[in-house]
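Please work through the following exercises with the sequence and the model in view. Each task sentence is followed by a solution that goes step by step.

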Amino acid sequence: MSVVVDEPAVMDGGGTSRRRRGRALTAVALVLVFAVFPLVMSPFANLQVTLILVYAVAILGLDILVGWTGQVSLGQSAFFGIGAYGVAAGAVHGWPVWAGLLLGTAVAGVVGCLVAIPAARLRGYALGMITLTLPVVAVPLAKRMEVVTGGAQGLNVTIVQAPGWTGLAADQWRYYVVGIGAAIVFALAAALRRGRFGRAFDAIRVNEALATAQGVHVTRYKVLAFTLSSVYGGVAGVLYVVAVQFISPETLVLTLSISMLAGLAIGGLRSLLGCVLGAAFYVVVPNLTGSVSAGQSYLLYGVCLLVVMLLMPRGVAPALGHAVRRVANRRERAAASGE
Amino acid sequence: MNLLQQVLDGLSSGSVYATLALALVLVHRSTGIVNFAQGQMAVISTYVAWTLYDAGVPVWGAIGAAIVLSLVVGALVERFLIRRFEGGEPLAAIVVTVGLLISVNGLVSLIWGTVLKQFPSAFPPGGVGSGSGGTIGYGTLGTIGALLVVVLALNWLFRHTRLGLAFRAVAANPESSALLGLPVGRLLMLGWGLAAAVGALAGCLVAPKLYLAPEMMDSVLTYALAAAVLGGLNSALGTVLAAWFIGVVENLAGTYVSFVGGDMKIAVPLVLMVLILLLKPEGVFGHKEVRRV
Amino acid sequence: MSTLELRGVHAGYGKAQVLHDVSLHVGDGSITTLLGANGAGKTTTLRAISGLVRSTGEILIDGRPIPSAPDAVARLGVAHVPQGRGTIGQLSVDDNLKAGALLRRDRVQARADLRRLRELFPVLGERAQSQAAGLSGGEQQMLAIARALMGRPSILLLDEPSLGLAPLITKELFVLLPRLRDEWGLTVLVVEQNADLALSVGDHAVVLESGRVVLTGTAREISGHDEVRRAYLGN
């Protein structure tokens, strides 16, 4: 959750409760828009939004590691892939979706935990390089383990079909499934952040030595964060297969990890909204810039990335938060002077 | 191909990785940032050299001109793009270099297209006999030699010149250096300029073998990062040795271990790097950071 | 030697202003002590002169306003030895000293200065190749001052040189100041908590309180001043 430092209301009581009402109304409006969206928009638009939610979950996982505890990871795409292959391979072998989901996320979590335990001693670039190895090794591995992964061609599946009584098309149904799944994991993350886990993670991020002195079991929390991060990556992978019904080794590449990290920076660290905004940037901007040639689209994407970072170095979510607060303050001051 | 040839080929690739890794170390020592775009900057420098060569400039002239141009452009990149991210949130700086990577990649594709291009070798064809009837190419030896020249030149610059001392002072403590009257900003630009120049050399050395393409330096960058991190992001000697190690292992693994195919080659040195880092997190030649509460 | 003058200087860190309308004058060749309680703004004054903190108002050397960038101010002949010495730990003692002279063109004279300073502070010669971070506090202070002198400054700003040093070494250092001033042609502005020692050695003093100048005068006047004695000299 973005840490919002509430400036003291210009008027007592009236200001803050008005702001809370405003936020509640905005939330309700957003949920309504979200619920109605797929019923009125094209399958392509639905897929775009579904993908945004998918990547938002993966980026949230990354935020748990990078934003909450200050560790670094270039391996999120590997966990994404593990989750995706779990559900896809399961489906190919006739397993129900929830079994594949469990398998995928469990394997992702276990691998994450195994990596995290020795890696907890590492800092900065050493940790980055170790996590970088994950997707670099995973891609050729996936190509070779044909029995499980279908080799270089990947796996095509048909899962999560819309039940007849809903009258929804496949893409609409999957939109809702992914949306609800994402909402659940986001709510879980928000809850974690608020409690003692959040406080412990903050302490570790700010100063590990000090955190240890304060009695925080640093290694345990770092491993927990890493495991959570990889589980979220796995969940995102499962949701990905639900959305596009396909997985191949090319999805796990290092480039995806890097793009997720970029999305995290663009959205803003330690902000749930930021994760969604970062995912939106990743999904939408290449479409906008992908007009003429690959080279041109790549250049425009890179320039957009640079422009966003230059204008909003802390990310879009904090910048939006500032802007909204300024407008709210101005309105309160006007209301106060008006009375 | 006998073992000696394999090892020397590995040292040659390793020398290219080392050259780019030294660029990474230069940037990290001066501005505390890891430049993920270092490889891509090398690529565009190499394309510029190719364009000059294509227009009739002799190879060494083209490479030299590209190196000088890179020095200038690298300095400008630090001044106008990177400067405001120094000393801030590390993730932001990393993502800016990623943005630079993507932009330069796109720019290269746009200007020169994606078709592979032949790049001339800076060294004469042929080579030295290596016993059992094989040859060790002049290119292989020349690349190793070029790295050694770079290492010696940088060492001389930093240890025996006033400019080098100024740079080391700024890299270690910018505020103190400012109080001594040193032009901190300009010295940081020098760090990036030198790095870009060194990177350009790396690109021109590897291009004849890998063929010039926008993604040419992608795996070189990965290896260079690994070598730099193994060297503690600090020590030139550690970085070079790590890079040579990586080059030789990669080459031998690709040839002698059957499970390892072309795309798996990169995994072997990386996995070894992981093992080393797990044992010694600060890198083989790095120093443990003393963190005070 | 140069004169240093502040006129109506306000300085601070963002919203927290520390100095309010500070005016003081340090004459040619004077050793002036800046006194005051913690938080009075003594360090901020030196940082404002050096350009490490933003300030408004006028800061003049020999009657001319100075630039705001730290390296430009240093090039004008202002050497600032900050709190905590500011020596560059990763460099050797020798490299630190040479760094101090990097901007000088007269290499021969610079080498002669290095020899002189090694005679003055023998430890700098003995530990020439050692990493500066390995030196004791007192040795680092000597290194910091020597490094500052290597630049042949006309104004020396010293921030709490006694901090963390044993009393004996502190005394030696302060007794050295007038000699350094004479032999190297300096004007000195020193911030010091140890008022007794500083006033015994200095020529003038300025007392700061909550970012304002409350007293100026000769060292003798100030040390005889009742309130000062009570507040800072423990009488």
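**Exercise 1: Chains in contact**

Task: describe the contact between chain C and chain B, by residues, elements and classes.

Solution. The contact takes 18 residues from chain C and 15 residues from chain B, where two residues are in contact if their C-beta atoms, placed from the backbone, lie within 7 Å. On the side of chain C that touches chain B, the elements giving two or more residues are helix 2 (70–75) and helix 3 (93–100) of chain C; helices (H or I, at least four residues) and strands (E, at least two) are DSSP runs, numbered from the N terminus. Sorted by class, this side of chain C holds eight nonpolar, six polar and four charged residues, with Ala, Val, Leu, Ile, Met, Phe, Trp, Tyr, Cys and Pro counted as nonpolar, Asp, Glu, Lys and Arg as charged, and the others, Gly among them, as polar.

The model is predicted, so local features need pLDDT of at least 70 and side-chain atom pairs count only at pLDDT 80 or more, while totals for chains, interfaces and linings use all residues. Residues are numbered from 1 along each chain as its sequence is written, and chains are lettered from A and ligands numbered from 1 in the order in which they are written.

Solution. Chain A and chain C, by contrast, do not touch, and their nearest C-alpha atoms are 16 Å apart.

**Exercise 2: The fold of chain B**

Task: how many helices and strands are there in chain B, and what pattern do they follow?

Solution. Chain B has eleven helices and two strands, which read along the sequence as α-α-α-α-β-β-α-α-α-α-α-α-α. Its C-alpha atoms fill a box of roughly 60 × 50 × 35 Å, taken along the principal axes.

**Exercise 3: Domains and sheet of chain C**

Task: locate the domains of chain C and describe how they meet.

Solution. Chain C is divided into domain 1 (1–77 + 153–235) and domain 2 (88–152), with bounds that come from an automatic or database domain assignment. The C-alpha centres of these two domains of chain C lie 24 Å apart. Ten residues of domain 1 of chain C are in contact with eight residues of domain 2 of chain C, and helix 7 (residues 167–184) of chain C gives the most to the domain 1 side, with three residues.

Task: in what order do the six strands of the open sheet in chain C stand, and which are at the edges?

Solution. The order is 6-7-8-3-9-10 in chain C, with mixed pairing; two strands pair if DSSP finds at least two bridges between them. Strand 6 (78–81) and strand 10 (212–218) of chain C stand at the edges, each with a single partner strand, so one side of each is left without a neighbour in the sheet. Strand 9 (residues 204–209) of chain C pairs with strand 10 of chain C in the antiparallel sense over six bridges, and C:Leu208 stands opposite C:Val213 in strand 10 of chain C.
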